[in-house]
Amino acid sequence: MKNLTTTLAGSLIAFAASLTAAQAEKLTFYCSAQEDWCQLMARSFEDATGIDVNMTRKSSGETFAQIRAESSNPKGDVWWGGTGDPHLQAAEEGLTMEYVSPMRDQLHDWAISQAESAGNKTIGIYSGALGYGYNSDLLAANSLPEPACWKDLLKPEYKGHVQMANPNSSGTAYTTLASMVQIFGEDDGFEFMKGLHSNINQYTKSGSAPIKAAGRGENTIGIVFMHDAVKQAVSGFPVKVVAPCEGTGYEIGSMSIIDGARNEEEAKKFYDWALSPEAQNLALEVNAFQVPSNKNSETSESAPDMSQIKLIDYDFKKYGSSDERKRLLQKWDEEVSVLPQ
């Protein structure tokens, strides 16, 4: 009888422990920023709240595709980082949920505008200008001129020296495509993309990969957001940053809660925390040089000065819409990617 009682007590304790574990707070976090920033955000949120975080890092295009594929049985809770266009498309397709954070009144107008254009299903967390960077040592070694404009990248002497991501997988590259259409007009914009294609040595999955390759000396010119090029330069690589002379597009990096999230309350806690100055200042620890959305957050002195860059009036609502994004990507697939190099 004593053994039976002991066994029963042990079983109850084990059951209670398993029940507690099952009920423990947790969060499935999809991240589309740089890997070290994603890891720091996940671990810092765990430290701040005690909520267990399972983080997956993919580019914004890949994350959007995953959220869409999982829509009938969502596995993620919150999506943080990456360009705003796929966040806007996810909102339009009903893949993310409406949420108004109590932190909203601390944010810059451009961050709130991003939310309003999506029915409050996303929010701006940082901004950054598009441009490119080049490895000055490789440029000199190949006797190449210093590029200063977008159209400079079409020169035949740059053949095999330019790298960018694939716009189907990368938000950075989609922003490039949409920016060229807005800067030059659709016809000339696609002619630009065709000319650029002939000089491309590789289309990467990740938007920041081209400038990382340039930093390592594996590539000469990388089309990226300028803050990613600054990161390479600050890290000691011979990378020069270019704000193209014609003007350029920019991103509003965004955050969204996935519709049907299994851990909705934890997702809201992360959302509010991620908009705080304390969370946004973590960017400085990993040399992320975007401009944060909270007015009280710190911006690195090394970050590109957005006021000194010729920015176009980027139409986020149009180019973040599902139909327009699909149309431009299909046109790029059919008219650009299939061309010989």
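# Aromatic cluster, helix crossing and confidence

F29, W37, F45, W80, Y126, F270 and W273 form one aromatic cluster. The model is predicted.

Me: How many aromatic pairs does the count come to?
Reply: Two rings pair if their centres lie within 6.5 Å. By this rule the count comes to 16 aromatic pairs.

Me: Is the pair of F45 and F270 stacked, tilted or edge-to-face?
Reply: The ring centres of F45 and F270 are 5.1 Å apart. Their planes stand at 80 degrees. Planes over 60 degrees apart count as edge-to-face. The pair of F45 and F270 is therefore edge-to-face.

Me: How many residues apart in sequence are the parts that F45 and F270 tie together?
Reply: F45 lies in helix 2, residues 35-49. F270 lies in helix 11, residues 264-274. So the pair ties together parts whose separation in sequence is 225 residues.

Me: Are F45 and F270 buried or exposed?
Reply: Buried means under 20% relative accessible area. F45 has 0% relative accessibility. F270 has a relative accessible area of 0%. So F45 and F270 are each buried.

Me: Is the pair of F270 and W273 stacked, tilted or edge-to-face?
Reply: F270 and W273 both lie in helix 11, three residues apart, about one turn of the helix. Their ring centres are 5.6 Å apart, with the planes at 50 degrees. Stacked needs under 30 degrees and edge-to-face over 60. The pair of F270 and W273 is therefore tilted.

Me: Is W273 buried or exposed?
Reply: The relative accessible area of W273 is 15%. The cut-off for buried is under 20%. So W273 is buried.

Me: Is helix 7 roughly parallel or roughly perpendicular to helix 14?
Reply: The axes of helix 7 (residues 171-184) and helix 14 (residues 322-335) come within 11 Å. They cross at roughly 90 degrees. Angles of 65 to 115 degrees count as roughly perpendicular. So helix 7 is, relative to helix 14, roughly perpendicular.

Me: How many nonpolar, polar and charged residues make the contact of helix 7 with helix 14?
Reply: Helix 7 contributes Y174, L177 and V181. Helix 14 contributes E324, R325, L328, L329 and W332. By class, the contact has six nonpolar, no polar and two charged residues.

Me: Which residues does P167 touch, not counting those up to four places away in sequence?
Reply: P167 sits in the loop between strand 6 (162-165) and helix 7. P167 counts as buried, at 1% relative accessibility. Beyond four places in sequence, P167 touches A173, Y174, R325, L329 and W332.

Me: What separates the C-alpha atoms of P167 and T204?
Reply: Along the chain, P167 and T204 are 37 residues apart. In the model, their C-alpha atoms are separated by 9.3 Å.

Me: Is T96 buried or exposed?
Reply: T96 is found in strand 4, residues 96-97. Not counting residues up to four places away in sequence, T96 touches A90, A91, K121, S256, I257, I258 and D259. Its relative accessible area is 2%. With the cut-off at under 20%, T96 is therefore buried.

Me: Where is the pLDDT below 50, with zero contacts beyond near neighbours in sequence?
Reply: The protein chain averages a pLDDT of 93, and 93% of the residues score at least 70. Where pLDDT is low, the predicted coordinates should not be read in detail. The pLDDT is below 50, with zero such contacts, over residues 1-9 and residues 11-22.

Note on methods. Residues are numbered from 1 along each chain as its sequence is written. This is a predicted model: local features need pLDDT of at least 70, side-chain atom pairs count only at pLDDT 80 or more; totals for chains, interfaces and linings use all residues. Side-chain values use heavy atoms; hydrogens and water are left out. Helices (H or I, at least four residues) and strands (E, at least two) are DSSP runs, numbered from the N terminus. Buried means under 20% relative accessible area, exposed over 50%, partly exposed in between (1.4 Å probe, protein chains only). Contact means heavy atoms within 4.5 Å. Axes are lines fitted to C-alpha atoms, for helices over the stretch in contact, and angles run from 0 to 180 degrees between N-to-C directions. Angles under 35 degrees count as roughly parallel, over 145 as roughly antiparallel, 65 to 115 as roughly perpendicular and the rest as oblique. Ala, Val, Leu, Ile, Met, Phe, Trp, Tyr, Cys and Pro count as nonpolar, Asp, Glu, Lys and Arg as charged, and the others, Gly among them, as polar. pLDDT is the predictor's confidence in each residue, from 0 to 100. Rings of Phe, Tyr and Trp (its six-membered ring) pair if their centres lie within 6.5 Å; planes under 30 degrees apart count as stacked, over 60 as edge-to-face and the rest as tilted.
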